[in-house]
Amino acid sequence: MFKVGEYVVHGNDGVCKVEAVEPMRGMGNDRIYYTLVPVYSSGSKLFVPTDSTKVITRAVISKNDVNRLMDEWDDIDVLKVDNDKKREEIYKKALRSCDTRQWVKLIKTSYQRNQTRLANGKKATTSDERYLHMAQENLFGEMAIPLNMSRGEAEDYFIGKVESKKEKKSKKQAK
């Protein structure tokens, strides 16, 4: 069970802060609920049963997890999309997984697809851009918490570290 003040990732709502853990008054049952406040959207609260399995609710990754994710960036493969008609379904599944590695796969897949389309004189698809944006918001929004940064700062930090590792790897291979 999560404690008041902890940060969690809750389904499509993203990073939330646990405001309360208590029974709901007037609900006529003994269930205990989390009161979750989304960090990146103001003015809303979520009331989630602590025993609910309908939507994934998990702890925010640690700073060590962030560093591990940066180290493994190049080794994380893209999503397997064999059929363009199923692309959106595969993207949705990756987003709903609440798994940072699935978000990285989605980011890499949509980014690479957009770059290939642009190189071939085609426009990036709206669908790819939309899912790329959502995956980035989820990933960098979560990473911002353990890094004690804004979402934008976390994105810049992450990209800078990944690019720096790529440069070092290229220099080693050139020697």
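## Basis

This is a predicted model: local features need pLDDT of at least 70, side-chain atom pairs count only at pLDDT 80 or more, and totals for chains, interfaces and linings use all residues. Residues are numbered from 1 along each chain as its sequence is written, and side-chain values use heavy atoms, without hydrogens and water.

## Helix α4

Helices (H or I, at least four residues) and strands (E, at least two) are DSSP runs, numbered from the N terminus. Helix α4 spans residues 126–147 and has 22 residues. From first C-alpha to last, α4 reaches 31 Å, close to the expected 32 Å; the expected span is 1.5 Å times one less than the number of residues.

Buried means under 20% relative accessible area, exposed over 50%, partly exposed in between (1.4 Å probe, protein chains only). The buried residues of α4 include Y131, L132, A135 and F140. N148 follows α4, with a positive phi near 55°.

## Aromatic pairs

Rings of Phe, Tyr and Trp (its six-membered ring) pair if their centres lie within 6.5 Å; planes under 30 degrees apart count as stacked, over 60 as edge-to-face and the rest as tilted. The count is 4 aromatic pairs. F2 and Y34 form a tilted pair, 5.6 Å centre to centre, with 50° between the planes. F2 lies in the segment before β1 and Y34 in strand β3, so the pair ties together parts 32 residues apart in sequence.

W73, F140 and F158 form one aromatic cluster.

## A charge over a ring

R151 lies over the face of Y40, 4.0 Å from the ring centre. The rule: NZ of Lys or CZ of Arg within 6 Å of the ring centre and within 35 degrees of the ring normal.
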